[in-house]
Amino acid sequence: MLQDKKIIVGITAGIAAYKAAILVRALVKKGAQVQVILTEKAKKFVTPLTLATLSKRPALSALANEADGTWHNHVELGLWADLMLVAPATANTLAKMANGQADSLLLTTYLSARCPVVVAPAMDLDMYAHPSTRENLRRLAAFGNIVLEAPAGELASGLVGQGRMMEPEDIVAALERVLGRGRELEGLRALVNAGPTHEAIDPVRFIGNHSSGKMGLAIARELAERGAQVCLVAGPIALRLEHPRVERVDVVSAREMLQACLDRWPGMDCAILSAAVADYRPAEVAPRKIKRDGEALRLELVPNPDIAAEMGKAKRPGQILAGFALETNDELRNAQAKLQRKGLDFIVLNSLAEPGAGFAHDTNRVTLVDALRPPVPFPLKTKDQVAADIVDHLALRLGRAGNMPDPGSVQQAAD
Ligand code: CTP
């Protein structure tokens with residue numbers, strides 16, 4: 001995937017810059033042509049000589065070459081690159097990128113780049129959590145840049161928390177995903193629902209569940225990054241997703257979610273239903289806060305509509321409808337029954353029994369159960385990677401997969 005790809009590696013002045021040397025080496029070993037651009041202050045952490053030796057090209061930092069009076073053409077650099085990575089990206093550089101500042105070769109090149117831009121932030125945990133840093137990262141994501149969120153762990157300061165730069169091998173894997181990702185879904189209209197629903201008991205209480213919406217947001221992002229126009233119908237979740245091709249519709253209850261989905265479904269080519277919809281709601285919503293009177297409180301619950309089944313009924317030929325199934329027993333049989341009952345084309349089967357999978361985890365292990373082919377089990381992966389697998393399968397079902405291998409046929413061959 002990286003063979004002959006032209007990659008700009010921007011390095012800024014954080015202690016994680018020492019890992020950038022390992023990163024450059026890994027990219028070169030994979031056949032990439034790497035052009036390093038450092039900020040002046042980054043040179044205090046890692047030397048241009050090290051980076052030039054590893055990348056086999058001079059490592060640039062100044063706008064002009066004082067020695068021979070020439071200038072380093074940021075426009076040409078920006079057009080040359082197939083991908084620009086900034087790793088580590090400090091809070092300062094992120095702020096400048098988010099605000100269009102152009103006082104270094106790295107920043108002018110960023111503003112000139114037409115290729116995908118990936119940032120791997122690294123800083124201390126409080127800087128990373130600061131609202132201004134969060135806002136800058138959101139702005140960069142809204143420009144269409146890809147943010148590799150810093151994982152939690154031990155930091156150079158000795159503190160423990162989120163802020164360490166993603167490990168070089170994980171950054172390389174992320175770049176392979178970005179470069180391997182086509183624009184095969186350009187023009188596709190996709191609906192994704194995500195998160196829980198809250199069913200009111202009274203004005204202050206509700207019935208809900210632990211769904212974080214992470215999986216659905218990862219799917220929405222993946223679809224948008226491959227060119228689809230996405231409508232994200234989100235239940236009450238704290239997570240945000242900024243992307244120029246994602247329109248978000250916020251809902252609270254299952255009935256609101258049903259309405260939002262059904263209203264938009266006729267104009268869509270496909271839908272992925274990842275929401276953890278509450279199956280029941282209180283028969284009555286008390287108009288005032290229910291007072292505690294020491295007696296047992298009985299709530300009568302009535303069934304909620306099944307959004308997937310309603311969309312399945314309204315499906316027109318050519319539309320692809322996919323759902324999720326969370327099962328604890330007889331997983332495949334139950335998933336296949338759900339597929340039929342709800343009129344789905346494929347279902348992503350989750351097992352709660354799997355360590356590291358399910359609610360609030362960053363990882364998931366799924367099996368794709370498709371009406372037209374044998375089930376395809378996947379290993380434990382990050383939710384972003386699972387989202388990529390699901391979208392690969394969707395692209396295949398929509399006849400937009402290009403020359404991607406068919407996971408079903410690979411599986412059959414392995415059988
Ligand atoms: N779903 C839905 N509306 C509901 C319940 C579920 O649209 N009221 C969707 C989910 O978004 C998911 C799929 O149906 O895509 C399966 O959800 P799941 O909770 O596994 O199935 P249920 O139909 O609720 O069946 P059960 O809880 O009995 O397993």
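Which residues of helix α10 (residues 254-264) are buried?

Analyst: This is a predicted model, in which local features need pLDDT of at least 70 and side-chain atom pairs count only at pLDDT 80 or more, while totals for chains, interfaces and linings use all residues. Residues are numbered from 1 along each chain as its sequence is written, and side-chain values use heavy atoms, with hydrogens and water left out.

In helix α10, the buried residues are A254, M257, L258, A260 and C261. Here, buried means under 20% relative accessible area, exposed means over 50%, and partly exposed lies in between, with a 1.4 Å probe and protein chains only. Helices (H or I, at least four residues) and strands (E, at least two) are DSSP runs, numbered from the N terminus.

A nonpolar core is a set of buried Ala, Val, Leu, Ile, Met, Phe, Trp, Tyr and Cys residues joined through side-chain atoms within 4.5 Å. The largest core has 38 residues, and the members that touch the most others are I219, L223, V230, L232, F346 and I390. At least two residues of this core come from each of β10 (189-194), α9 (214-225), β13 (229-234), β15 (270-273), β18 (320-327), β19 (346-351), β21 (366-370) and α13 (383-397). Beyond four places in sequence, L232 is in contact with V192, A194, L217, A220, L241, V246, E247, R248 and V249. Apart from this core there is a second one of 36 residues, including L2, A20, L85 and A87.

Helix α13 also contains A395, which counts as buried because its relative accessibility is 0%. From A395 to I219 the chain runs 176 residues, and their C-alpha atoms are 13 Å apart in space.

The ligand comes next. There are 14 residues around it, and A275, A308, F324, K338 and K342 come nearest; a residue is near a molecule if one of its heavy atoms lies within 4 Å of it. A ligand oxygen lies 2.7 Å from a backbone N or O atom of A308. For F324, a polar backbone atom is 2.9 Å from an oxygen atom of the ligand. In D279 a side-chain N or O atom takes part, at 3.1 Å from a ligand oxygen.

Elsewhere, two histidines may be compared. H72 is in the loop between β4 (70-71) and α3 (74-80), whereas H74 belongs to helix α3 itself. H72 counts as buried because its relative accessible area is 18%; H74 does so because its value is 17%. Neighbours within four places in sequence aside, H72 touches L60, A62, L63, A64, N65 and L105, and H74 touches L105, T108, T109 and S112. The side chains of H74 and S112 also form a polar contact of 2.9 Å.

A cis peptide bond, with omega about -5 degrees, links A87 to P88, and P88 is part of strand β5. T90 sits in the loop between β5 (83-89) and α4 (91-98) and is buried because its relative accessibility is 11%. Beyond four places in sequence, T90 is in contact with T12, A13, G14, A122 and M123. T90 and R281, by contrast, are 191 residues apart along the chain, with 47 Å between their C-alpha atoms.

Two residues other than glycine have a positive phi: about 65 degrees for D4 and near 40 degrees for D330. D4 is in the segment before β1 (6-11), and D330 is in the loop between β18 and α12 (331-342). Both count as partly exposed, because the relative accessibility is 47% for D4 and 42% for D330.

Technical notes. Contact means heavy atoms within 4.5 Å. A polar contact is a pair of N or O atoms within 3.5 Å; within protein, one must be able to donate a hydrogen and the other to accept it, and residues adjacent in sequence count only if both atoms are side-chain atoms.
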